[in-house]
Every structure is written in structure tokens, then in C-alpha cells.
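Thanks, everyone, for making the time this morning. I would like to walk through one model with you, taking a helix pair and then a sheet.

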Amino acid sequence: MTSFHESEMIALKDVCFSYADRPILNGIDLTIKRGEIIAIMGGSGGGKTTLLGLIAGRLKPQSGSVLVNGLEVPKLRQTELYGLRRKIGMLFQFGALFTDLNVFDNVAFPYREQTNLPEEMIRTLVLLKLEAVGLRGAKDLMPAELSGGMARRVALARAVALDPSVMLYDEPFTGLDPISVGIIGRLIKRLNRALGMTSVIVTHDLNETLRLVDRVVVLSQGKIHRDMAPEEIRSTDDPFIRQFADGLPDGPVPFHYPGRDYWSELMGQ
Amino acid sequence: MNRSRFDFAVGLFVAIGLLAMAFMALKVGNLAGFDSGSGYAIEARFDNIGGLKVRAPVKSAGVVVGRVESIGLDAETYEARVLLRIYPNYRFSKDTIASILTSGLLGEQYVGLESGGDPVYLAAGDRLGKTQSAMILEKLISQFLFSKAAETPAKAP
Amino acid sequence: MSAYFIRLISALGRLVTSRLDRLGLAARFAGLLMVSLRIALGRLSLIFREVYFSGVRSLSIVAVSGLFVGMVLAVQGYEVLQRYGSAESLGVIVALSLVRELGPVVTALLFAGRASSAVTAEIGLMRATEQLAAMDMMAVDPISRVVAPRFLAAIFSMPFLAAIFSTAGVIGAWIIGVKLIGIDDGAFWSQMQANVDVRIDVLNGLVKSIVFGTSVGLISVFEGYFAAPTAEGIATATTRTVVISSLSVLLLDLLLTVMMFRGLS
């Protein structure tokens with residue numbers, strides 16, 4: 001039984017994870033306090049989404065411990081895991097709304113499946129959540145009729161339906177127009193404060209994220225490269241973070257995919 | 001969740017399906033075959049049952065009165081032992097004759113019962129006294145040839 | 001030369017192990033599915049929804065196909081029977097062919113092509129768009145909520161569809177045989193009734209369709225659940241469903257026919 005501190009909501013201790021013999025995470029130590037919003041950044045395939053999967057219990061680490069609210073997630077049985085998941089909400093990259101249900105039924109889904117509340121009460125709760133994300137008027141639309149930003153907002157309403165303690169966001173800003181990005185960002189911050197949640201955001205979008213978060217965790221090559229406050233990201237001269245923040249084509253993350261020598265390949269040698 | 005929309009269509013589907021099944025059971029198949037198992041069994045022994053099969057009909061005056069339930073060979077007398085299950089509403093006299101007949105020229109073989117004049121009726125488990133075996137084509141032909149040969153007087157050398 | 005043989009044999013070995021791997025995966029999946037059935041059976045509205053999309057929507061193709069098959073049987077059957085003067089046995093031939101074989105088998109093949117392929121595509125797409133993962137994250141077991149109802153719907157719909165196919169076929173044969181060709185109506189039905197036994201023929205035919213429904217249902221949900229989350233992956237999975245379901249139906253038909261009808265003659 002690893003030690004657990006009251007203020008820690010999520011704690012990863014020396015977590016290693018590989019997928020099909022490819023190491024992805026190599027000794028991750030990360031603690032997230034209650035009420036914090038943190039961002040996880042890093043190159044593509046660097047293990048950011050894997051971290052979310054580990055926290056939610058969808059993946060099991062090869063070694064190390066994953067603690068959420070004091071519970072050892074990898075050791076939980078199916079029913080206990082599902083019990084934990086009622087307190088965790090996840091926003092998937094493209095919303096993952098159920099395409100055969102309309103907006104209202106999508107948000108009502110967690111209530112209907114997890115609670116025995118009467119329909120009138122569910123209706124009230126759904127309308128409240130939809131109002132919070134500004135889409136109460138769209139409640140009868142089908143997911144196919146929604147724009148990307150709207151779909152993600154509905155998914156957000158659905159994810160926070162049961163007032164979770166932990167919210168996980170998988171690239172919530174990717175592929176959205178600037179207005180939607182701003183809306184989602186504001187919603188993340190407001191919901192985190194209003195519901196007293198702990199939020200973990202996996203993202204590439206620096207600008208919006210730096211406005212929201214308390215901490216930024218940068219992953220590189222399976223390890224935590226840096227764990228710093230958002231202001232420091234802008235001013236640091238760490239080359240990896242600089243390349244990331246300034247969008248430089250070459251740096252610690254090379255431009256060229258490893259291959260043969262250019263001249264000899266051209267000359268057909 | 002539009003339950004009512006699907007419930008009606010599914011209900012209609014099931015109704016149509018059940019109708020089809022009923023059609024098959026009643027119009028296409030013969031449901032009468034279902035109550036085999038009720039009725040009483042009597043035994044008949046034959047020298048040769050020919051092509052008689054289990055579940056072949058037992059008829060009297062052309063009306064189906066039962067089914068052949070089982071066919072076996074008596075290991076001592078080498079007779080065919082046929083168990084006939086007769087439907088409960090038919091009664092036959094103790095001196096009923098059972099013959100193996102063919103329906104049509106090349107048809108299936110069945111057991112024909114001809115009731116006699118005995119006032120006592122057959123009960124379950126009784127054995128029929130007189131039986132007539134099936135006609136075997138080869139025996140008929142050899143009989144015919146033999147009788148033909150017997151008819152023509154031997155030619156004087 | 002020997003290197004070539006070694007490569008050939010190792011390729012063969014890999015083929016066999018990959019097939020066995022998939023079979024094992026399918027068996028494990030089937031186990032999970034069985035466990036979830038108890039919960040799934042408590043959500044009848046979900047099952048009815050799937051019965052609507054798989055069964056009810058297949059009604060028209062099954063009924064029309066049955067009608068045409070029955071008509072063709074009548075034409076072909078009459079052509080052969082009248083050579084031996086047995087044209088009046090047309091009803092028997094058609095009814096037995098349909099009830100014992102064509103009804104269950106052709107219905108299952110049509111179902112595999114129409115309904116099961118749709119189920120595979122649907123489940124595959126739900127996986128690709130992370131809907132199954134989202135459900136899992138909301139502590140709702142996707143197997144009992146998405147997979148099991150579709151599986152049960154296939155089993156439930158199949159016998160009804162097979163009965164409808166056979167009925168339509170008999171009616172089609174009657175139209176051709178009695179109305180068009182001129183076979184005696186009474187002889188058509190009486191011979192049929194005398195030779196089609198409810199227990200042996202009709203019931204066995206229904207048992208067959210239930211077995212086919214189980215097989216086709218299982219294959220379609222399995223392929224969809226494990227489809228690669230790409231357009232190509234879903235296309236492959238859908239094709240696999242149709243092909244493997246069809247082959248399984250034909251194989252099971254052989255086994256069941258031997259089991260059920262061998263002892264008759």
C-alpha cells in the first residue's frame with residue numbers, strides 16, 4: 001500500500017508502460033492536487049493520451065502505481081473500476097457522442113444508466129447542464145447536425161453530468177475555430193471551479209492552455225521533461241520547450257525522419 | 001428513446017412470423033402427426049416387411065388409424081416384429097389381419113388392417129394373429145417364371 | 001532451396017497461429033457476451049430496437065425472395081416430376097425443400113448480407129469514433145448495452161424470417177403450380193400435408209434457423225467489435241462478416257441436416 005496524502009487527487013509513481021514491446025512511458029512520477037488544472041504536453045505519440053488511459057484505468061502499467069483518490073486503479077476489479085469511473089469524466093477528442101441519440105438523450109444517458117432518477121428530474125438536470133454549455137436550444141438536434149465545437153460542448157455537458165471529481169480532456173481544442181476554442185477553454189475553467197474538480201488536459205494548443213492551467217507538464221521520450229508554471233513556459237530557454245512553444249521546425253525534435261545520407265541516396269549508391 | 005415506434009413494428013413482425021409458423025404447421029405439415037405417443041400399441045409379426053419404415057402409416061379402408069412405432073427382428077424366430085401404435089379412438093377385433101401394402105405402384109409401403117368378426121377387441125400389447133408379408137418383386141418374378149414353366153408341358157424329345 | 005521451404009513453412013505456421021489466435025479471441029469474446037446476456041435481457045426495449053433494424057427491415061427482402069424461390073422451385077420441380085407422371089407431388093417437393101433447407105439457409109444468407117453487415121459496420125464505426133470507449137468511461141458496459149442486444153436480435157428474428165420465407169415460397173409455388181400450370185389444388189395441399197411432418201420437418205427447420213441466427217449474430221458483432229478503427233478496417237470487417245457468416249451457415253446446415261434427417265430412410 002503506497003503512501004497517500006489527503007491533498008493528492010491523482011498520483012503516478014514510477015509508472016512504466018509499453019505497448020507491443022515499444023516503451024512509451026519510462027518512469028513517470030506525477031502528483032496532481034485537488035482542484036488543480038494541469039496540462040500535459042509533448043510530441044505526438046509521446047504518451048500523453050496513454051497517461052489519461054492509465055488514470056482512467058483503461059490501461060494497466062507494466063510497473064509503478066496509479067492512485068486516484070487513494071485507490072490503486074490497476075488493481076481494481078470491474079465493478080470497483082466502474083464505481084470509480086462514475087466520479088471521473090472524460091472528454092474525447094471529437095466528442096464521441098452517440099450518433100443514434102439526439103443531444104438531449106446523449107446528455108441524459110449517464111443519468112438514465114447510472115441513476116434511478118425519475119424522468120422529470122432528469123429533464124431538469126439535462127437542461128441545466130446544456131444551459132451551462134450554452135446549447136439548451138439545440139437539445140433536439142442529432143449529433144450529425146452539430147458543428148465540431150457544438151458537438152464537443154455537448155460531450156462536455158455529458159461528461160460532467162454526474163458531477164465528477166476528476167475531468168480528463170483529450171485534446172479538447174484540436175480542430176476547432178478560435179471562437180469555439182475560447183468557449184471550451186472558458187467552460188473548462190468555470191466547471192473546474194464550480195464543481196471543485198481536478199482537471200487534466202492533454203493538448204497541443206499552447207495559447208489557450210496557458211491561460212487556463214496551474215501547471216504544465218511536458219513529456220519527452222517517456223519521461224517528464226519539465227513540470228512548470230505556465231508563465232515559465234514562455235520565458236524558459238530549455239531547447240525542447242522552446243522548439244515546442246515557438247513552433248520551430250528543427251531542434252531537439254528533428255525535422256528529418258532518420259534515414260540514409262542524402263547525397264548517397266540521391267546518387268543511387 | 002422512442003419505445004412506442006419500435007414496439008409496434010416489432011409486434012407486427014412477430015405477429016406475421018407467428019402466422020407464417022402457424023401456416024406451416026397447419027396447412028403445410030400435418031399437425032396430426034404430433035399426437036403420436038397417445039394411443040395403444042399392438043404387435044404384428046411378418047416374414048418380410050419389404051420396404052416398411054418407422055412412422056409409416058397404419059391404414060384401415062384407406063384411413064390413417066395409426067403409425068408404425070418400431071421395427072425389430074426376433075432373434076429366435078427370425079420374424080420381423082413390428083410395433084403399431086393405434087390412435088385411441090379406433091378399435092379392432094382380435095382376428096384383425098395386418099398386411100403390408102404399397103400405395104400406388106411405386107409408392108411407400110404401409111400397414112393395412114382388415115378387421116374381422118371377433119366380438120373381442122384388441123387391447124394394448126396384444127399380438128395380431130394373422131399377417132400378410134410384403135410382396136417382394138424378385139419372389140413374384142420367380143413365382144411367375146416357375147408357374148409359366150409348369151404350365152408348358154415338357155416337350156417330347 | 002531449403003531456405004525457401006523454411007520460409008514457406010514458417011509462413012504457414014504463422015497463418016495457423018494467427019487464425020488460432022483469432023479463434024481464441026472470438027471464444028473469449030463469446031464468453032464475455034454470454035456473461036452479459038443476463039443484464040442485456042433486462043433491457044428489452046434495446047433488443048426490440050435491434051429486432052426492428054435487423055429483423056423487421058429484412059422482412060421485404062426475405063418475403064420477396066421466398067416468393068421467387070418458391071416459384072422457381074415450382075417451375076423446376078414440375079419440369080422433372082411430370083416426366084414421371086408425378087406432377088401432383090409438386091407440393092411435397094416444394095414444401096420439403098423450403099421448410100427443411102431453403103427457408104432456414106437462404107434466409108440466413110440474406111440476413112447475413114443485409115442485416116449483419118450493417119451491424120458490423122455500426123459497431124465498427126462506434127469503436128472508430130470512440131463511442132464505445134466513451135460508454136466504457138461512463139461506467140456502462142458496451143458489451144451488454146451495444147453488442148448483446150444486436151446478438152439477441154439476430155437469434156430472435158431468424159426463425160420468424162425463415163417461416164415467412166418458407167410460407168412465401170409455398171404460396172409462390174401454389175401460384176405457379178396450381179394457378180398457372182394447372183395442378184389440382186386439392187392434390188397439391190393434401191400430398192403436402194401427408195408428407196410434411198410438423199415435428200421432423202417444420203420444427204427442425206426452425207431449430208436450424210435459431211442455430212444460424214446464433215452463428216451469424218455472433219460473427220457480426222465480433223467482427224464489428226474488433227474492427228480496425230479506419231475506413232479500410234470497417235470495410236474489411238463487413239466483408240468478413242458476410243463471408244464467414246455465409247460459410248458458417250452452410251457448414252452448420254450440413255452438420256444439422258446429417259444429424260436431423262439421416263435417420264429417416
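Predicted model: local features only at pLDDT ≥ 70, side-chain atom pairs only at ≥ 80, totals over all residues.

Let me start with H3(A) and H5(A), which are roughly parallel to each other, a label used for angles under 35 degrees, because their axes cross at roughly 25° and come within 8 Å. Here axes are lines fitted to C-alpha atoms, for helices over the stretch in contact, with angles running from 0 to 180 degrees between N-to-C directions, while helices (H or I, at least four residues) and strands (E, at least two) are DSSP runs numbered from the N terminus.

Residues are numbered from 1 along each chain as its sequence is written, and chains are lettered from A and ligands numbered from 1 in the order in which they are written.

In H3(A), the residues A:Val103, A:Asn106, A:Val107, A:Phe109 and A:Pro110 meet A:Val154, A:Ala157 and A:Arg158 of H5(A), contact being C-beta atoms, placed from the backbone, within 7 Å.

Turning to the sheet, 4 strands of chain A form an open, antiparallel arrangement in the order E2-E1-E4-E5, where strands pair if DSSP finds at least two bridges between them. Strands E2 (22-33) and E5 (71-72) of chain A stand at the edges, each with a single partner strand, so one side of each is left without a neighbour in the sheet. Further in, 5 bridges join E1 (residues 8-19) of chain A to E4 (residues 63-68) of chain A, and A:Ile10 has A:Val68 as its bridge partner in E4(A).

Key
Parallel < 35°, antiparallel > 145°, perpendicular 65-115°, else oblique. Contact = placed C-beta atoms within 7 Å.
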